[in-house]
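Thanks, everyone. I'll take this one site by site and keep it short. Please have the viewer open.

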Amino acid sequence: MGFSAEWLALRDPADRAARDVALLQRAATAAGPAPLVVDLGCGTGATWHALAPLLPEDTRWRLVDNDPALLDIARAVVGEAAECIVADLGDLDALPLEGATLITASALLDLMPEAWLSGLAQRLEAPFYAALSYDGRMEWTRPDPRDDAVTAAFNLHQRSDKGLGPALGPDAVDRAEALFAAQGFSVFRAESPWRLGPDMAELQHELTRGIAVAACETGMADAESWQRDRHEAADRSSCIVGHADFLAVPPVRPRETAHV
Ligand SMILES: C[S@@+](CC[C@H](N)C(=O)[O-])C[C@H]1O[C@@H](n2cnc3c(N)ncnc32)[C@H](O)[C@@H]1O
């Protein structure tokens, strides 16, 4: 499925409908009265689309991605409020977090390894809102006897190295809860499943194609025939893909004692 602008546009309506509204609002409140939001792995600006309507007009955005073409699209959409930075998130010490009042990400945590997330939790002093991490669950209204095996193979693939070490895959939000709680953050999570009906048949096609490619790579022989049957049935079946949203709010630090 990759991170092409076409794929991000295709999944956008499902993402928008899936985000948990209460947690989104809580994240907006956590950003404070004069927000500077740093969006990690911003893609074409999905987090800005979701969050900006809930934030003050003069909110500043720092958009970070390692794909300049996606950043160009995001810059065109967000306009002057955005500072766009091409950077690899793998270098935690170089993340441009200065002055941030909220750090955000979406559809990113499941790609990242445990060490990265742990390092982020140790460095952050601002709230962290990470939406739409895949949680390992997929269900179809017209079950197929191969669904469970395909899901297991896909989940195995989700845990493989996506560039920075073995990815957290379906464990991302469970691990985020544990790692941020260990740093004293208050942690919140909410379900944000994709609900893909026949009206989203094109997204179902592309999704099942990507799932089958990944399952094949783990050695599952009948993933291709599964995908052909799923493709053919997409205009009369629905699919739920489990995702979760996550918010971590840092502890209130005691004010520095004034010395006379
Ligand atoms: C699944 S896309 C999500 C994009 C966007 N946040 C959204 O919700 O539509 C993951 C994004 O993370 C970026 N990304 C992945 N690994 C990265 C890395 N190591 N450094 C910087 N960006 C990365 C990709 O270029 C892509 O834009």
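Start with D135 and what surrounds it. Leaving out residues up to four places away in sequence, D135 touches P170, E191, G242 and H243. Keep in mind that this is a predicted model. D135 belongs to strand β5, which covers residues 128-140. Is D135 buried or exposed? Its relative accessibility is 17%, and the cut-off for buried is under 20%, so D135 counts as buried. What does its side chain pair with? The side chain of R137, in a polar contact at 2.6 Å.

Look at its backbone: phi is positive, about 60 degrees, and L132 is not a glycine. L132 is buried, because its relative accessible area is 2%.

There is another positive phi to look at. A107 has a phi near 50 degrees, and A107 is not a glycine either. Where does A107 sit? In the loop between β4 (102-106) and α5 (114-123). A107 has 24% relative accessibility, so it counts as partly exposed.

Now the ligand. There are 17 residues around it, and G41, D65, D88, L89 and S106 come nearest. Let me go through the polar distances. S106 has a polar side-chain atom 2.5 Å from an oxygen atom of the ligand. For D88, an N or O atom in the side chain is 3.0 Å from a ligand nitrogen. N66 uses its backbone: a polar atom there is 3.3 Å from a nitrogen atom of the ligand. How much of the ligand does the protein bury? Taken alone, the ligand exposes 590 Å², and 94% of that is buried by the protein. As for the site itself, the ligand takes up the space of the largest pocket.

Last stop, L196. This residue is in strand β7, residues 194-196. L196 has a relative accessible area of 1%, so it is buried. Which residues pack against L196, apart from neighbours within four places in sequence? The contacts are A14, L203, Q204, L207, S237, S238 and C239. One distance to finish. L196 and L164 are 32 residues apart in sequence. In space, C-alpha to C-alpha, L196 and L164 are 30 Å apart.

That's my tour. Over to you.

Notes
Residues are numbered from 1 along each chain as its sequence is written. This is a predicted model: local features need pLDDT of at least 70, side-chain atom pairs count only at pLDDT 80 or more; totals for chains, interfaces and linings use all residues. Side-chain values use heavy atoms; hydrogens and water are left out. Helices (H or I, at least four residues) and strands (E, at least two) are DSSP runs, numbered from the N terminus. Buried means under 20% relative accessible area, exposed over 50%, partly exposed in between (1.4 Å probe, protein chains only). A polar contact is a pair of N or O atoms within 3.5 Å; within protein, one must be able to donate a hydrogen and the other to accept it, and residues adjacent in sequence count only if both atoms are side-chain atoms. Contact means heavy atoms within 4.5 Å. A residue is near a molecule or strand if one of its heavy atoms lies within 4 Å of it. Accessible areas come from the Shrake-Rupley method with a 1.4 Å probe; for residues, only the protein chains shown count as cover. On a 1 Å grid over the protein atoms alone, a cavity is a set of points where a 1.4 Å probe fits but cannot get out, and a pocket is an open set with protein on both sides within 12 Å along at least five of seven lines; lining residues have an atom within 4 Å of a point. A molecule sits in a cavity or pocket if more than half of its atoms lie within 2 Å of its grid points.
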